[in-house]
Amino acid sequence: MLRPNQSGQQVQDIGKPHRPTYIGIHTRDDATNVLYVSSGIREALGYTPEQLMSKPATSFIADECPTDYPLIYNRESQEEEEDEADVHSLFLNVKHANGTTVLERVTSIKCSNCVIVVAMAFPEIIGQRQKELQVEMLNGAMKR
């Protein structure tokens, strides 16, 4: 972010990095069709909510195996209790509307027929630093 310095020139603010966040809901099946996405998606990934509606959430994942993503929610071979809920936290590289890749930390909640996702974008982090960020978070002290 830019801010004016004492002489009025615009300079990079080296304070706390900005973390665009949004909420999304997609179907809990192999299609992963987007049912809802908040307006924060525009700042995080450059899309409007309308551009994502009814499209597969997996089509926006830039990692090598986006088709593996629904597998963490579909355990049809295992018995599930009706009131069972699963929460997953993972890192994904996601496609930005401008063609670049953005690292996101995704917390997702599995419901009976959908998945609720809260995603936080890390636009300043290059993909190679993903492991470094995961270690910082595991230590409980994510540097800002």
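The legends below describe close-up views of a predicted model.

Residues are numbered from 1 along each chain as its sequence is written. In this predicted model, local features need pLDDT of at least 70 and side-chain atom pairs count only at pLDDT 80 or more, whereas totals for chains, interfaces and linings use all residues, and side-chain values use heavy atoms, with hydrogens and water left out.

**View 1. Strands β5 and β6 form an antiparallel pair.** Strand β5 (residues 86-95) and strand β6 (residues 101-110) are joined by 10 bridges; strands here are DSSP runs of E with at least two residues, helices are runs of H or I with at least four, both numbered from the N terminus, and two strands pair if DSSP finds at least two bridges between them. Lys95 has Thr101 of β6 as its bridge partner, while Val94 stands opposite Val102 in β6. The hairpin of these strands has 5 residues between them, and Gly99 there takes a positive phi near 95°.

**View 2. Strand β6 also pairs with strand β7.** The antiparallel pairing of β6 with β7 (residues 114-122) extends over 8 bridges, and the hairpin that joins β6 to β7 passes through 3 residues. Leu103 has its bridge partner, Phe122, in β7.

**View 3. The largest nonpolar core holds 20 residues.** Such a core is a set of buried Ala, Val, Leu, Ile, Met, Phe, Trp, Tyr and Cys residues joined through side-chain atoms within 4.5 Å, where buried means under 20% relative accessible area, exposed over 50% and partly exposed in between, with a 1.4 Å probe and protein chains only. Tyr22, Ile41, Leu45 and Leu52 touch the most other members. At least two core residues come from each of β4 (34-37), α1 (40-45), β5, β6 and β7, and β7 gives the largest share, 4 residues.

**View 4. Leu52 meets residues from elsewhere in the sequence.** Apart from neighbours within four places in sequence, Leu52 is in contact (heavy atoms within 4.5 Å) with Val34, Val37, Ile41, Tyr47 and Phe60.

**View 5. Leu35 lies in strand β4.** With a relative accessible area of 45%, Leu35 is partly exposed.
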